[in-house]
Amino acid sequence: MRHKMNQITFAFLSVLLFSSCLASPPNFVLLFADDLGFGDLGCYGHPTSLTPNLDRLAAEGLRFTDFYSTCAACSPSRASLLTGRYHTRSGIYPGVFYPDSIGGLPLNETTIAEMLKPLGYATAAVGKWHLGYGANGTYLPTRQGFDQYLGIPYSHDQGPCHNLTCFPPDVKCFGFCNKDTVAVPLMHNKSITQQPVHFLDLERAYSDFATAFIAASAQKKQPFFLYYPNHHTHYPQYAGPETAYQSLRGPYGDALMEFDSTVGNILSTLEKTGQINNTLVFFTSDNGPELWRMSRGGNAGPLKCGKATTYEGGVREPGIAFWPGTITPGVTHELASTLDILPTFAGLAGAKLPQVQLDGVDMTDILVKHGMSKREFMMFYPMNPSEKFGMFALRFWNYKVHFFTCGSIKSSTTPDRDCDAPLKAHYPPLIFDLDSDPSENYPLSLVGRPDLQSLLAKILKVKAQFEASMVFGESQIRRGADPALVPCCNPQCSPKPSCCQC
Ligand code: MG
């Protein structure tokens with residue numbers, strides 16, 4: 001009898017195991033905009049942006065109102081997104097990487113791509129990397145878990161402007177680029193395929209690469225992870241012939257519209273390949289608008305200041321999750337972050353979490369049940385963080401507390417003088433209720449408010465506990481630069497960098 005029961009149990013377990021093998025893990029498409037603020041999309045209230053495909057994601061998916069990146073600059077924000085950890089832990093500070101930087105995202109950090117690979121995922125990155133290049137391409141995406149890469153390995157203003165033209169080509173780019181460095185390259189995996197890159201054709205190449213990757217993975221019945229960090233909305237914006245002059249908003253709007261068209265191509269490929277109901281598409285942005293570019297810098301909507309500050313405009317971003325049949329359309333006010341994407345993908349795919357101190361929490365309950373966030377707080381460090389100063393600001397529930405504030409030239413030009421004011425310590429700290437005052441205009445007074453006094457005591461305790469757990473990684477950016485490391489398609493040529501053209 002016992003033998004028979006064992007046989008039945010074994011048969012039942014086999015069926016279960018077989019079913020779970022047949023169940024296909026979800027695909028992930030992660031769209032990451034650049035210097036795009038809370039107020040830049042049509043679905044977040046911009047009156048003249050034309051973003052029909054991103055608006056579709058929001059209308060048919062879940063739109064976050066309280067979604068945060070960790071840092072108001074490109075490289076640190078990207079490090080947090082891909083590792084689920086504050087960039088201070090991985091050493092991505094101060095500031096950002098340059099074409100000749102020696103360092104990069106340390107190879108012993110585990111990226112989302114590396115986490116998914118053991119489960120058989122196909123992985124590809126297309127667009128702006130900005131987590132280091134290094135000697136012999138040490139830090140390129142293909143060394144960080146991505147099977148394939150097509151893109152520019154850093155910001156596209158980190159090169160001379162001569163090839164950064166708008167359509168038609170006689171309209172030169174507006175403002176300043178890094179004139180004395182090498183022309184911006186396009187890389188396929190570890191090889192330079194164009195230098196300088198042809199910006200007016202770039203989006204077609206990105207769109208073709210992304211859709212071919214989805215189609216090939218679907219044909220092989222292989223789950224996939226596509227990471228598309230795009231450049232478009234970072235200054236100086238560019239747009240190809242199909243979108244230039246098509247939006248009422250000017251160059252920023254045209255660039256955003258071109259990116260949006262690729263989102264449309266990705267969605268239609270997911271539909272054509274039958275993957276749309278088995279794919280989580282997530283959209284957010286690395287940091288808020290670069291306000292010193294004025295109308296070409298992006299828009300933070302009702303939020304205060306922008307890029308390079310720890311005010312809301314620097315770090316609070318659009319966040320949209322789309323997964324037909326699994327995510328019910330709606331809006332959530334739950335607190336969430338780029339840090340939470342890695343644990344969420346891990347939970348949905350059944351992947352093993354990296355065995356390191358993670359800062360993200362699984363937000364699946366928010367996505368699939370419109371449930372509550374497991375996140376109670378969010379810390380904000382400046383672009384040049386230090387253990388001496390610690391965090392500059394902390395969000396706890398609906399309250400934002402500033403221990404230090406510091407403006408930035410990158411957020412100057414608006415009438416709000418706090419946006420480029422010097423470093424200032426606040427004791428007692430500034431406290432804002434973001435539910436009633438999202439613009440951080442009216443600090444709350446502690447006088448006669450025992451409820452706020454006890455809240456502040458709790459917040460200070462959370463701050464102390466968190467800072468005791470924060471071990472700053474060795475700065476990868478202070479490792480410095482070596483002119484010999486700049487990507488050059490003709491490595492033996494002279495004089496560099498001007499000879500690096502192919
Ligand atoms: Mg950026």
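The model is a predicted one, in which local features need pLDDT of at least 70, side-chain atom pairs count only at pLDDT 80 or more, and totals for chains, interfaces and linings use all residues. Residues are numbered from 1 along each chain as its sequence is written, and side-chain values use heavy atoms, with hydrogens and water left out.

**The magnesium ion**

Select the magnesium ion together with Asp34, Asp35, Cys74, Asp286 and Asn287, which coordinate the ion at 2.0 to 2.5 Å. Donors are N, O and S atoms within 2.8 Å of the metal (3.2 Å for Na, K and Ca); water is not among the atoms, so sites may look incomplete. Cys74 contributes its SG atom, and Asn287 its OD1. Along the chain, the donors follow the spacing D-D-x38-C-x211-D-N. Asp34 lies in the loop between β1 (27-33) and α2, and Asn287 in the loop between β10 (279-285) and α8 (312-315), so this pair ties together parts that are 253 residues apart in sequence. Helices (H or I, at least four residues) and strands (E, at least two) are DSSP runs, numbered from the N terminus.

**Two helices**

Next, select α2 (residues 52-60) and α7 (residues 251-272). How close do their axes come, and at what angle do they cross? The axes come within 7 Å and cross at roughly 55°. These axes are lines fitted to C-alpha atoms, for helices over the stretch in contact, and angles run from 0 to 180 degrees between N-to-C directions. The two helices are therefore oblique to each other; angles under 35 degrees count as roughly parallel, over 145 as roughly antiparallel, 65 to 115 as roughly perpendicular and the rest as oblique. Among the residues that meet are Leu54 and Leu57 in α2, and Phe259 and Leu267 in α7; contact means heavy atoms within 4.5 Å.

Select Tyr235 and Pro236: the peptide bond between them is cis, with omega near -15°. Pro236 lies in the loop between β9 (224-229) and α7. A second stop is Lys496 and Pro497, also joined by a cis peptide bond, with omega about 0°. Pro497 is in the segment after α11 (450-469). Then move to His130, a residue other than glycine whose phi is positive, near 65°. His130 is placed in the loop between β3 (122-128) and β4 (148-152). Most residues other than glycine have a negative phi, and most peptide bonds are trans.
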